[in-house]
Amino acid sequence: MNLVAPQKRFLVTGGAGFIGSHLCERLLEDGHYVICLDSFFTGHRGNLQAAARYADNLEVIRHDVTQPFDFEVDGIFNLACPASPIHYQRDPIHTIRTSYLGAENTLELARRLRAPVVHTSTSEVYGDPEQHPQTEGYWGNVNPIGPRACYDESKRCAETLMFAYRSHYGLPTKTVRIFNTYGPRMHPNDGRVVSTFIVQALQNKPITVFGAGTQTRSFCYVDDMVDALMRVMKTGDEFSGPVNLGNPVELEVGQLAELIVEMTGSSSPIIRKPLPQDDPRKRRPDISVAKAELGWEPTTGIHDGLTRTIAHFEEALVARSAPIMATLEPQAAPSHPMPEVRQPAKVTQLAS
Ligand SMILES: NC(=O)c1ccc[n+]([C@@H]2O[C@H](COP(=O)([O-])OP(=O)(O)OC[C@H]3O[C@@H](n4cnc5c(N)ncnc54)[C@H](O)[C@@H]3O)[C@@H](O)[C@H]2O)c1
C-alpha cells in the first residue's frame, strides 16, 4: 500500500499505446497518479506491464474518446489516435472522429477542470513539405483528399480546436507536433519503418524500402519524446505551442535499412517497392523553439536507440510464436501477434 500522497493526477488518453505507455510509466515513476484511457484499438494492456508495478497509482479504463468522459485530474495528455497509415487508413472516418471528437471531449473536460492539456499533433500537418527543415511557422502542404488526409487534416483541425479553446475560453492548451518516434513497444506490424525493418531483419526476411530509399526521416527515441512531453506539461499557462518535437538528425530510409541489417547481423536482402501516394520526401524538424522554450533536445543517438529497440523486438519475437507479416501494406485489422524467429539474429552494438 502506498502511503505517500501522489503528487498530481494525470489523464493520459491513448495511454496503452506506444508513446502513451512510456509516458504513463514516467509519470508513475515520478510519483503521480495516472488514469490511462484507451479503446485498445492499437494499444494493449501488455504495454502497461512495466507501469503495473505502480498499480496503486494507476487506473486503466477502456473507453473510446469519441464519447465524452469525465474525471478529476490536474492535467491531461491527449494521445489517443492511431498513428500509422495502416491503422489510421483502416477506418478513415473513425480516425477523423477520434482526432476531432477526442480533442473536443478532452477540451470540454479540461474546460470544466480549468486544467492544462498537452495535445499530441504530428509532423504530418506539414504534409509533403516545401520548406526544409520544417519550422512551426510553416503552414504545410497537405493533400486534403488523399489517402493520408483522414489523419493529417483531422490532426490539423484538432490543433485549430486547441487554439480556439485557448483564445475563446482562456484554456491552457499546449500543442506539440511529434516527428517520427521509435523505441520498444512500437506496434510490430503497423508499417512504421523502424519496427518494420527490425522485424523483417530479425526474421531474415526481405526488407522493403519504398522508392529509391533516398527519402529522409528523422527518428527520435521514445525516452527523449516522453521527456519533452513532461517538460511541456510543466510550462506556464502562456505556453501554447505549437512546438516541434523530434530528432533533427536526418537519415535516408535506405541508410536506416542498411544500419538495421548490420546491427542485427541479418541476412535480409533489401528490396525496393514503389513509393506510396503522398509519401513525404523529406522530414526534419527545426527544434529551435523546443530548445529555447523547453530547454529540450534529444540525447539518445540512433545506435543506442536502435540497440534498445532491437533488443525489445528480439525478446518479443522469442517470447511469442504466432507468425506475422511485417509489411507496409494495409491489413484487415490491427493485431499484436509477434512473428516467429527462425534464426534469431544477434544484436551488434556499433559505436555511436
Ligand atoms: N509515434 C510517432 O512517431 C508519432 C508521430 C507523430 C504523432 N504521433 C502522435 O502521438 C500519439 C501517440 O502515438 P503512438 O505512436 O503512441 O500511437 P499508438 O497507436 O501506439 O497509440 C495510440 C493509442 O490511442 C488509442 N486509441 C486510438 N483510437 C482511440 C479512441 N478512439 N479512443 C481511445 N483510444 C484510442 C490506441 O488504442 C493506442 O493505445 C498519437 O496521437 C499520434 O498521432 C506519434
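This is a predicted model: local features need pLDDT of at least 70, side-chain atom pairs count only at pLDDT 80 or more; totals for chains, interfaces and linings use all residues.
## Basis

Local features need pLDDT of at least 70 and side-chain atom pairs count only at pLDDT 80 or more, while totals for chains, interfaces and linings use all residues. Residues are numbered from 1 along each chain as its sequence is written. Helices (H or I, at least four residues) and strands (E, at least two) are DSSP runs, numbered from the N terminus.

## Helix α1

Helix α1 covers residues 18–29. At 1.5 Å a residue, its 12 residues should span 16 Å, and the end C-alpha atoms are 17 Å apart, which agrees. The expected span is 1.5 Å times one less than the number of residues.

10 of the 12 residues are buried, so α1 is largely enclosed by the rest of the structure. Buried means that 20 or more other C-beta atoms lie within 10 Å of the residue's own; exposed means 12 or fewer, and partly exposed is in between, with C-beta atoms placed from the backbone. Among the buried residues are Phe18, His22, Cys24, Glu25 and Leu28. The buried set packs against β1, β2 (33–38), β3 (58–62), β4, β7 (181–182) and α6 (222–233). Contact here means C-beta atoms, placed from the backbone, within 7 Å. Just after α1, Gly31 has a positive phi of about 90 degrees.

## Helix α3

Helix α3 takes in residues 92–113. Its 22 residues should span 32 Å at 1.5 Å a residue; the end C-alpha atoms are 31 Å apart, in agreement. Its buried residues include Thr95, Ile96, Gly102, Asn105 and Leu109. Their packing partners are β1 (9–13), β4 (75–78), α2 (85–88), β5 (117–122) and α4 (149–169).

## The α5–α7 pair

The axes of α5 (residues 193–202) and α7 (residues 253–264) come within 9 Å and cross at roughly 40 degrees. That makes α5 oblique to α7. Angles under 35 degrees count as roughly parallel, over 145 as roughly antiparallel, 65 to 115 as roughly perpendicular and the rest as oblique. Axes are lines fitted to C-alpha atoms, for helices over the stretch in contact, and angles run from 0 to 180 degrees between N-to-C directions.

Val193, Phe197, Ile198, Ala201 and Leu202 of α5 meet Val253, Leu256, Ala257, Ile260, Val261 and Thr264 of α7.

## Leu275

Leu275 sits in the loop between β13 (270–273) and α8 (288–294). With 14 C-beta neighbours inside 10 Å, Leu275 counts as partly exposed. Leu275 touches Phe210 and Gly211, leaving aside residues up to four places away in sequence.

Key
Two residues are in contact if their C-beta atoms, placed from the backbone, lie within 7 Å.
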